[in-house]
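Try each task before reading its solution.

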Amino acid sequence: MEKIEKSIGYIFQDKALLRKALTHTSYAYENKLESNEKLEFLGDSILEFVSSKYLYQNYPKLKEGEMTKVRATVVCEKSLYKIAKLHNFSDFLYLGKSERKTGGENRPAILADSVEAVIAAIYLDGGINEAEKFITQNLKEEIEVATKHVGDRDYKTVLQEKLQQHGEVKIEYKITMEKGPDHDKYFEAQVSCNGKILANGEGKSKKEAHMSAAKKALDNLK
């Protein structure tokens, strides 16, 4: 318990709460205990509220629709899984024998759910301020990145609409270069229309590289 408390930056008064937050249904069933499912339910709501409040207070220029997009991008299994991996939650999960045999401690869904449960446990043990501190410390960088790219989703659509104003055209995106280790990839992409190259883009994911190429193509067309 001390190791995970040190990692997440919160010391529990009620250690049983933390233990429950880390108790998967498989372990709970085998040992006739209460699982972390109810805590997960509560944690999900707290996470939505705190992230919404953080966006409202720190990004006043974002419109309501943009805040919704950013929150959806950040409050997801992928982001929560990253938090779980950062704090080595897999080392502390209480899993049933069958679940552990099949590598359940590394399943993204189980790890993401445990983060929501821990958020609820922190809230019940120390109040909303402590839960808020944990959430913002672990998600503020993800939120910052998401706010910078909140409009990116529209570039490909806008480009398509612009190019198809006078009829159907063939728009193609392809990755022209990929380099770097799995945890730090870099991609370059190219967008073309009816075989004519319009622009090149780059990013840390294929999607980001495609969006970058679409944005540059739009700038060139202007």
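**Exercise 1. A tyrosine pair**

Does Tyr27 count as buried, partly exposed or exposed, and what is its relative accessibility? Then describe the ring pair that Tyr27 forms with Tyr94.

Solution. A word on the ground rules: this is a predicted model, in which local features need pLDDT of at least 70 and side-chain atom pairs count only at pLDDT 80 or more, while totals for chains, interfaces and linings use all residues. Residues are numbered from 1 along each chain as its sequence is written, and side-chain values use heavy atoms, with hydrogens and water left out.

Step 1. Take the accessibility classes: buried is under 20% relative accessible area, exposed is over 50%, and partly exposed is in between (1.4 Å probe, protein chains only). At 23% relative accessibility, Tyr27 is partly exposed. Tyr94 falls in the partly exposed class too, with a relative accessible area of 22%.

Step 2. Search the whole structure for aromatic pairs; there are three. Rings of Phe, Tyr and Trp (its six-membered ring) pair if their centres lie within 6.5 Å, and planes under 30 degrees apart are stacked, over 60 edge-to-face, the rest tilted. For Tyr27 and Tyr94 the ring centres are 5.3 Å apart and the planes stand at 55 degrees, so this pair is tilted.

Step 3. Helices (H or I, at least four residues) and strands (E, at least two) are DSSP runs, numbered from the N terminus. Tyr27 belongs to helix H3 (residues 25-31) and Tyr94 to the loop between H6 and helix H7 (97-101), so the pair ties together parts that are 67 residues apart in sequence.

**Exercise 2. The buried side of a helix**

Which residues of helix H5 (residues 64-74) are buried, and why are they on the same side of H5?

Solution. Step 1. The buried residues are Met67, Val70 and Val74.

Step 1. They cover an arc of only 65 degrees around the axis, which puts them on the same side of H5. The arc is taken from the directions from the helix axis to the C-beta atoms.

Step 2. Look for the cover, with contact meaning heavy atoms within 4.5 Å. Helix H4 (37-58), helix H6 (77-86) and helix H9 (128-148) are among the elements that cover the buried residues of H5.

**Exercise 3. The sheet and its helix**

In what order do the three strands of the open sheet lie, and how many bridges join S1 to S2?

Solution. Step 1. The order is S1-S2-S3, with antiparallel pairing; two strands pair if DSSP finds at least two bridges between them. Strand S1 (171-179) and strand S3 (196-203) are at the edges with a single partner strand each, so one side of each has no neighbour in the sheet. From one strand to the next, the twist averages 20 degrees.

Step 1. Follow the bridges. Eight of them join S1 to S2, and seven join strand S2 (residues 186-193) to S3. Glu188 is bridged to Glu202 in S3.

Step 2. Axes here are lines fitted to C-alpha atoms, for helices over the stretch in contact, and angles run from 0 to 180 degrees between N-to-C directions.

Step 3. Zoom in on His210, which lies in helix H11 (residues 206-221). His210 is buried at 16% relative accessible area. Leaving aside residues up to four places away in sequence, His210 touches Lys156, Tyr173, Lys174, Ile175 and Ala189.

Step 4. Two of these contacts also meet each other: the charged end of Lys156 sits over the ring of Tyr173, 4.5 Å from its centre. The test is that NZ of Lys or CZ of Arg is within 6 Å of the ring centre and within 35 degrees of the ring normal.

**Exercise 4. Positive phi**

Where does Asn194 lie, and what is its phi?

Solution. Step 1. Recall the background: most residues other than glycine have a negative phi.

Step 1. Asn194 is in the loop between S2 and S3, with a positive phi near 50 degrees. This hairpin has two residues between the strands. Asn194 is exposed, at 51% relative accessible area.

Step 2. Compare Lys32, in the loop between H3 and H4: its phi is near 55 degrees, and Lys32 is exposed at 76%.
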